[in-house]
Amino acid sequence: MVVAPPEYSVPEALKKENLRQADYDEICRRLGRAPNRAELGMFGVMWSEHCCYRNSRPLLQGFPTTGPRILVGPGENAGVVDLGEGQRLAFKIESHNHPSAVEPFQGAATGVGGILRDIFTMGARPIALLNALRFGPLEDERNVGLMEGVVAGIAHYGNCVGVPTVGGEVAFDPSYSGNPLVNAMALGLMETEEIVCSGAEGVGHPVVYVGSTTGRDGMGGASFASAELTDASLDDRPAVQVGDPFLEKGLIEACLDAFKSGDVVAAQDMGAAGLTCSCSEMAAKGGLGIELDLDKVPAREAGMTPYEFLLSESQERMLFVVKPGCEQALMERFTRWGLQAAVVGRVLQENVVRVLQNGAVAAEVPASALADDTPINHHDLLSEPPAEIQAHWRWREADLPAATAAGITPAGGAFAGQSLGWGPVLRALLDDPTIASKRWVFRQYDHQVQANTVLPPGGGDAAVVRLRPQLGQGSLEAATRGVAAVVDCPNRWVALDPERGGMAAVAEAARNLSCVGAEPLAVTDNLNFPSPETPTGYWQLALACRGLSAACSALETPVTGGNVSLYNETRRPDGSMQPIHPTPVVGMVGLVHDLSQVRGLAWREAGDLIWLLGAPLETGAAAAGVDGTATAGPDPRVGLAGSSYLERLHGQVTGRPPEIDLALEKTVQAFLRQAIADGLVASAHDLSDGGLAVAAAEASIASGLGAHLELPAGAVRLDRLLFAEGGARILVSVPPAQTAAWQQALDQAAASGRPVPAQCLGVVEADPELSITQAGTSLLREDLEPLRQAFEQAIPRRIGAAVPPTH
Amino acid sequence: MTLGVVVFPGSNCDRDVQWAAQGCLGIATRFLWHEERDLSGLGAVVIPGGFSYGDYLRCGAIARFAPLLQEVAAFAERGGRVLGICNGFQVLTEMGLLPGALTRNEKLHFLCEPARLRVEPGACAWLQGYASGEEVTFPIAHGEGRYQIDPDQLQALEDNGQVVLRYSRNPNGSVGDVAGLTNAAGNVLGLMPHPERACDPATGGIDGRRLLASLLG
């Protein structure tokens, strides 16, 4: 269609808004005229990947999203699950990657603030925070600076706002240099009768703005977050907002108080795309319109244009639709906390977002034109894996140098040509910052505030928080139930096989929850990927989603929402792109029925027997299958391909990660949860990076107790036995007094047609020493102290920080 | 016996103190909003942890002007028992109820972890449940807990037996390993560690119980 050209330069404006010419043509078609500059800005943010998933939406539709416990699935500010006994949990994960890359402290801090608002907007009081972080190697001081800034930012916001940061994960890889990942997840316990939704209701109802003032900070953050990072990105620092956790603290209290009054009809926090997004989402979801008078919006500075008002991402702001006549009482709840509150508009019958300034219409766009039928970027999916991936998949374990009882001599990597015993190999793995203790990080987070943290960071495979409300009924009684939460992503596996990697992320999250004794309930996911506009990029995204979907379906943990962060890549000075490892972070929540049965990862008592659940250690050419019968060849569910061992010791990130046996995962996890509930298990820790030897070392370091393991004799590579990853494996310790009951449980499982592979490998010992033997030959014999030293000092020593030992 | 718990807009351990005192130990509590002035019927007052008014200026620097704290100061001068935990300790020093100041931790990081403390109860009413020289574990959770005072004044505090809590392993650079101080009369106690986080066996140790239980007489 032909429309009169606008008064601004269209190509320049489209570039600034990260829109295409086709988008512009579509906007003109929808409006029947050219958009003015402010309106174009509104489309720019609403049609960004960050707000409308224009690249990933078709892929996200494959996720299972319903289940008996799911009360709110994708589409609202957060997902909500039913915990039974009248308790409901809201939870969500969100990324703040690009802001953290250019301004790590405020970028990370406001990421925390934003995810908290998603939770309390629903009527839930935030009870826990977790985060998933990725950085480049700490040998580069820029990465150290980014990590220090991000951790300090998370600490600043979470500690001040009074929500405990109870867990998370941190991993390192060169692909994240310059493009760190900062994903924050929050959990909240519903305090209101009704779940507060965002769809506007009631023509003529007042629209009330509460919280902080609107300033010029965070201009265009959503568009900024949807483009790749370059050196020039540092000039985009104004696109990073500044957070005020003290205001957010008051906002939490005032909002929950306001919601409980019943005067609030709908609520939407102002996150990405600020006023634009909140108005259009509320209008579109309610099938109504909103009129917004900018002259009434509390402003931080004078002379702001409509464009600036509409696109500001100033923090700690919310928009409500309120019952008529209740505005004054409602606003007083906010001014009591020193917050702004103002009636800024009203709900319209007509489905339009109309913005007024100085009495004139500054922008007027049909809400559905902004928020519904947003454009989709279609991409062709490669019919077979990219050539570089296929090359990786041709790698075989047999390509590695021989592994003998004495050790191995790596042919490449940092240890090339050095003859290493298995003890030094284990120490090198414990010194890998991705595997090592994250105490330097989590001691900066207040993980105890609210007085409900049952399992602190580092204490178990998942964080556990008691379900005791902060106020009202039950707040002064000792609750016996809890919620467990975890974030996971084996990014190296995803990089080598996105489908298996995606499945593994879900499987590991569920396994971690099961290890503390929690029943996995539901997932929130954060898809951190490079550009989807390359064939490989889109293939990674599509296959990872396929893997996530399959695993979430199999493990019955529906996806209730999440976040997509694309274009995570940096332009090198030579113009080529460095994409990150595709990183679909899975945040999973679980229910702990009885807090007295929560299990940590540390051994408990000398004399307890150590069992391996999951794919058994192989004995040679024949390996035991799931049903206990012998199958030919090595078990495809475990291996060194894509392992920490292969990377750290041999300098290679290659191979095809092992097959994910979701049926085995489900069986093993269910068995473990029942065994924990029955009091048969003293500790549980899943095998992850570094495999069996690292898991055993971690359980020893955490407890101060030693362990002796005896590996089955056979012709299998020793490094495969010690360090292979995969196979739904869990290391548990069983008190001698429970051995008979444990054996009986295994027998019963087999008899009922759900056999659980289990091997008794050894015993917990009082002597602080880890020893591993095979057929009487010693493979590894290490004092705990040097192991602890490697594990605890790996991160501090690389960044020149002093962290006192734990013992 | 009712324990008053001061609530600033940025307090975040107020409900934790209530849980420890009332939920775990059965001591009645009443929240005191910072704009109030009514302390009637209270046997003691706690200024809990948090960030009073955001603490962007200096921890506790604005809080000392709160209407409520003027009453708390008078309450303390009358011999009423006042406990300042973490931010509360910072506020007590700003109010002048305790000497010295608390500055950024030596390594500048916020630290949250268990701390071993040595108790020298002396005349401090809050610590009479502890033996002289006893070691206890309370968690710390602060970014600005480095106690500072000039050497002469520190010596005077030592001589008076007012340094009632000391770190076994100094986490933050405090002079004299000071973790907690009492006033000369012994009715006011300020400490950086969190005794209320050591009252519930479900979430940690219980070394802090005796501190709050001292209110039960």
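Q: At what angle do helix 8 and helix 10 of chain A pack, and how far apart are their axes?
A: Helix 8 (residues 141–161) of chain A and helix 10 (residues 245–261) of chain A pack at about 35°, with axes 8 Å apart. The axes are lines fitted to C-alpha atoms, for helices over the stretch in contact, and angles run from 0 to 180 degrees between N-to-C directions. Helices are DSSP runs of H or I with at least four residues, strands are E runs of at least two, and both are numbered from the N terminus. This is a predicted model, where local features need pLDDT of at least 70, side-chain atom pairs count only at pLDDT 80 or more, and totals for chains, interfaces and linings use all residues. Residues are numbered from 1 along each chain as its sequence is written, chains are lettered from A and ligands numbered from 1 in the order in which they are written, and side-chain values use heavy atoms, leaving out hydrogens and water.

Q: Which residues of helix 8 of chain A meet helix 10 of chain A?
A: They are A:His156, A:Tyr157, A:Cys160 and A:Val161, and they meet A:Pro245, A:Phe246, A:Glu248, A:Lys249 and A:Ile252. Contact means heavy atoms within 4.5 Å.

Q: Why is A:Cys160 called buried?
A: Its relative accessible area is 3%, and buried means under 20% (exposed is over 50%, partly exposed in between; 1.4 Å probe, protein chains only). So A:Cys160 counts as buried.

Q: What makes A:Cys51 buried?
A: A:Cys51 has 16% relative accessibility, so this residue counts as buried too.

Q: How many disulfides does a search of the whole structure find?
A: Zero, over all chains. A disulfide is a pair of cysteine sulfur atoms within 2.5 Å. For A:Cys51, the nearest cysteine sulfur, that of A:Cys277, is 4.5 Å away, and A:Cys51 is in no disulfide.

Q: Is B:Cys86 buried or exposed?
A: Buried, because its relative accessible area is 7%. B:Cys86 lies in the loop between strand 4 (81–85) and helix 3 (87–95) of chain B. Among the residues that B:Cys86 touches, not counting those up to four places away in sequence, are B:Gly49 and B:His142. B:Cys86 and B:His142 are 56 residues apart in sequence, yet 7.0 Å apart in space, C-alpha to C-alpha.

Q: What is the area buried between chain A and chain B?
A: About 2,900 Å², with carbon and sulfur atoms giving 55%. Buried area is the accessible area (1.4 Å probe) that two parts lose on being put together, summed over both.
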